[in-house]
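Student: I would like to take a close look at one kind of side-chain contact in this model. Please go through the charged pairs with care.

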Amino acid sequence: MSEQDQQTMNFEDRRAALEKIAGEIRVCEKCPLHSGRTKAVPGAGRADADIMFIGEAPGYHEDQQGLPFVGASGKYLGELLGKINLSRADVFITNVVKCRPPGNRDPLPGEIDTCMPAYLQQQIDIVKPKIIATLGRFSMALFFPKNARISKIHGEPLRQDGRIYYPLFHPAAVLRNPNLRPVMEEDFKRMLALIQEVEEVSDEGRDEQPPPPPKQLSLF
Ligand code: URA
């Protein structure tokens, strides 16, 4: 799809384009992860979401259901979204790699290098989120400098190429280490200001549109 086409996509076009990619993901055999999966997990949510959350890789429950973040981490992610008055349906949620690594091991560089350009990059180009929130170090590593440490940069937005990248701890890491709970909740609450920021930018853009033509005066 050309860049021009992507710029002019309406909601239905985006939904259809995401579904087409999801279909490709479900039958993908580009890397060895396909041989161990039950179901591939393309991602889910609003086709024109302002916020995209990117996790690492499907786990056991995601692999069973074909949906992202449906296990314990997902339940916690849903709670965090609720704290800022959002639901899963308001955002787009996906992962760096779309198939479960055996035994939930870390995805390998070759798997990421194969999967990311083929699928995640296309999903980003279609949804065009204004905020990309990374969950954990694997998705963080795609957008932040190589030497970035999640323990240092979590909650610090990076504004780049008209988009905000926002690094968060992985929900599973927070579930393992309850000391991180207040930190994670604070980082989530700080997203409210980012959401307001991107909404203001969209409103300014709207002001630049030419005014609508005057309505015809009705004779009756
Ligand atoms: N952890 C992830 O990174 N992604 C999921 O979808 C579930 C758990």
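Student: With which residue does E19 form a salt bridge, and how far apart are the closest N and O atoms?

Tutor: In this predicted model, the partner of E19 is R26, and the closest N and O atoms of the two residues are 3.1 Å apart. E19 is partly exposed, with a relative accessible area of 41%, and R26 is likewise partly exposed, at 43%. Side chains of opposite charge can pair when their charged atoms come close.

K20 counts as exposed, with a relative accessibility of 55%, whereas E24 is partly exposed, with a relative accessible area of 32%.

Another salt bridge pairs K130 with D50, where the closest N and O atoms are 3.2 Å apart. This pair links distant parts of the chain, 80 residues apart: K130 sits in the loop between helix 5 (109–127) and strand 4 (131–135), while D50 sits in the loop between strand 1 (44–45) and strand 2 (51–55). K130 counts as partly exposed at 29% relative accessibility, and D50 is also partly exposed, with a relative accessible area of 29%.

Technical notes
Residues are numbered from 1 along each chain as its sequence is written. This is a predicted model: local features need pLDDT of at least 70, side-chain atom pairs count only at pLDDT 80 or more; totals for chains, interfaces and linings use all residues. Side-chain values use heavy atoms; hydrogens and water are left out. A salt bridge is a side-chain nitrogen of Lys or Arg within 4 Å of a carboxyl oxygen of Asp or Glu. Buried means under 20% relative accessible area, exposed over 50%, partly exposed in between (1.4 Å probe, protein chains only). Helices (H or I, at least four residues) and strands (E, at least two) are DSSP runs, numbered from the N terminus.
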